[in-house]
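Welcome! Here is a short briefing to read alongside the structure, with the details grouped by topic.

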Amino acid sequence: MNTKAEYNFLLEQFDDVRILRYQVPNFEHLDLQQKTLIYYLSQATLSGRDITFDQHFAHNLLIRSVLENIYKSYLSLEKHKVEPQEFELFEQYLKKIWFSNGIHHHNSTDKIYPKFTRETWRILSKNYKGKKHSFPKSHASLFNFVEDLMFNPEIAPKRVSQDSSRDLVSQSAVNFYENVNQAEVEQFYSQFIQENSKEPISVGLNSKLIRHNNQITEEVYKLNGKYHNAIEQIVFWLQKAMNEAESHEQKHTIALLIEFYETGDLGVWDQYNIAWVNDTEAHIDFVNGFIETYGDPLGMKATWESIVNYKDIEATRRTEIISSNAQWFEDHSPVNSPYKKKNVTGVTAKAINVVQLGGDCFPTTPIGINLPNADWIRQSHGSKSVTIENIAYAYDQAGKTSGMLEEFVENEQEREWIKKFGAQASNLHTDLHECLGHGSGQMAEGISTEALKNYASPLEEARADLYALYFMMDDQMLELGLIEQQETAMAEYSSYIRNGLLTQLVRIKPGDQLEQAHMRNRQMVAAWCFEKGFANNVIEKYQKEGKLYVKINDFQQLRSLFGQLLREVQRIKSEGDYEAGRKLFETYGVKINLEEHLEILDRFNKLKIAPYSGFVNPILEPIFRDGHIVDVRLIDCENYAEQMIYYSDNYGFLI
Ligand code: ZN
């Protein structure tokens, strides 16, 4: 796989969406059994794709299938052509359906309306050569029905309604319920809620509730139940994966997941989650099942999702070094000694790389995971918390080609540092912030953080950030092998200050103030250091060709300012000094200079960066010899539409 700097992370951009690729570092160093296990788990991940589409809206698969058929045959046809820009709008609409796993926007859940005309649709639909799907008698034809679904604002305008003044179930287009209203759903499930149980099952998690012949029943997602054809495939691949498991524990875990898919039994689901969370030694790991309930307006039913990953040894080593040296950092922090912790324990979290994303985790994906969701399992068995290294890296790298760096960093050498060391620097910052910063320091006796009220959380974020920033430029970083050169720390200082003073404002509307804790914290830190270092020109704001820039002139002095501010922020927290906290934020962390803000927004808007990103998967290709897998090759995906069509053709088990 190509790991050179010029690797193209951004594949394409349309409407409000960017399609990115992620790399899979060191995949070739995995052994054959591990690669084979990943391959089988990946097949299980792709096999559930149609479930997510169908859960999102009952007619998603029909719409996708009809549109794909027209799309595939269009280019080879002579007749029924439309204007090129109209066809482009048709293609864009289909791409957005793929991106959102249905016709509702992945983020807002509002219906996405076609930008091509109904007239275009009527011409294009004449090219349809596919299955004769059935359609309701109220419509003249299949195409008339699909047209209504796409264009009519009365039909399914929102996937998940949050308007609690109305019936949440009837107002939501999501396919978890049919012919039942909210009161009926609540009435139905009240009989199953185990109020007194210490280990309650996740009632209603894996089923659709439907009124049939005036009787309300659950259609359970399982083998020989709802979604049988897709689940049969998932089970088929999980069985193969089980035979390649790395350990007895992992084999047992996969066996329980198979049993869950076979029976739909939610007690088995809990057993599976306990086995999964206890299997901390697994090098190859996965998420597979009905997991998150954000897609249900009642927060009960889960959407199908899957991820296959392996531990990033290098990155996990980093978090382990930091944790095991936690006491050294605390002893050497610039904080007043009464407010230092005498006994620190660092927090370890695993870092992973994903190899395949599926269901609700695809194409848009999280950069961290913390599962399972059941509270009682989390309490008595813990949870797995992971950061996804290669996804975070891809976001970072794609950001570099967005034009942001060129627009906002005037100094060429600074740009070089950020390009070379920026990703490493920001990962290290995150580790120091999470593993050390939040856990450091102690309160004065009899004081609680409640005294700090609304400033408690920006102060806490400032404390963790400053801890990370202060130590990032410590010689100990080089000593411990956490960085190889000081420029890594310099890249982080430069990005942090620029973000705090300028670039984070691109997310704020003109005239607004900063509200969010992280944003308040970043501006407070940057603006405080700017003012305190002003006489010595530590940080410089300057204009060049009518554009505003910032640069750092003295990194060591900036480090010592970070140290001073850390000491003060820790004092404020330890003593519960509300007045000092309020003053710090109201002076440096809330107000925005409108003139500067408008200039930054203007420059940002010209870059035309789409606000949402999603990914394509790498292609896993098994190499067979005498019927056995002898290697698995990893190939970069070059074309988004091609991958989507390939998935529909090869994993379209429900249409
Ligand atoms: Zn934090």
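**A first look**

Glu68 has a relative accessibility of 6%, so this residue counts as buried. Please keep in mind that the model is predicted.

- Glu68 sits in helix α3, which covers residues 60-74.
- If residues up to four places away in sequence are not counted, Glu68 touches Leu94, Trp98, Met644, Ile645 and Ser648.
- Asp54 belongs to helix α2, made up of residues 49-56.
- With a relative accessible area of 10%, Asp54 is buried too, because the cut-off for buried is under 20%.
- Setting aside neighbours within four places in sequence, Asp54 is in contact with Leu61, Asn175, Lys226 and Tyr227.
- How far apart are Asp54 and Lys35 in space, C-alpha to C-alpha? The two are 31 Å apart, and 19 residues separate Asp54 from Lys35 in sequence.

**The zinc site**

- Which protein donors does the zinc ion have? They are His433 through NE2, His438 through NE2 and Glu461 through OE, at 2.1 to 2.2 Å from the ion.
- Along the chain, the zinc donors follow the spacing H-x4-H-x22-E.
- His438 lies in the loop between α17 (412-437) and α18 (456-472), while Glu461 is in helix α18, so this pair ties together parts that are 23 residues apart in sequence.
- Glu461, by contrast, is buried, with a relative accessible area of 12%.

**A pair of packed helices**

- Two packed helices are described by the angle between their axes and the distance between the axes.
- For helix α9 (residues 228-243) and helix α10 (residues 248-263), the packing angle is about 165° and the axes are 10 Å apart.
- That angle makes α9 roughly antiparallel to α10, because angles over 145 degrees count as roughly antiparallel.
- The crossing of α9 past α10 is left-handed.
- On the α9 side, the residues that meet α10 are Ile231, Ile234, Val235, Leu238, Gln239, Ala241 and Met242.
- Their partners in α10 are Lys251, Ile254, Ala255, Leu257, Ile258, Tyr261 and Glu262.
- What does the contact of α9 with α10 have by class? There are 11 nonpolar residues, one polar and two charged.

**Backbone details to look for**

- Most residues other than glycine have a negative phi, and most peptide bonds are trans.
- Phe362 and Pro363 are joined by a cis peptide bond, with omega at about -5°.
- Pro363 is part of the loop between β8 (350-359) and β9 (368-371).
- Ala156 has a positive phi, near 45°, although this residue is not glycine.
- You can find Ala156 in the loop between α6 (142-151) and α7 (168-171), and at 14% relative accessibility Ala156 counts as buried.
- Asp626, again a residue other than glycine, has a positive phi near 50°.
- The loop between β14 (619-625) and β15 (628-635) holds Asp626.
- Is Asp626 buried or exposed? Asp626 counts as exposed, because its relative accessibility is 74%.

Methods: Residues numbered from 1 in each chain as written. Predicted model: local features only at pLDDT ≥ 70, side-chain atom pairs only at ≥ 80, totals over all residues. Heavy atoms only, no water. Donors = N, O, S within 2.8 Å, 3.2 Å for Na, K, Ca; no water. Helix = DSSP H or I, 4+ residues; strand = E, 2+ residues; numbered from the N terminus. Buried < 20%, exposed > 50% of the residue type's maximum accessible area, 1.4 Å probe, protein only. Axes fitted to C-alpha atoms, helices over the stretch in contact; angles between N-to-C directions. Parallel < 35°, antiparallel > 145°, perpendicular 65-115°, else oblique. Left-handed = near helix turned anticlockwise from the far one by under 90°. Contact = heavy atoms within 4.5 Å. Nonpolar A, V, L, I, M, F, W, Y, C, P; charged D, E, K, R; others polar.
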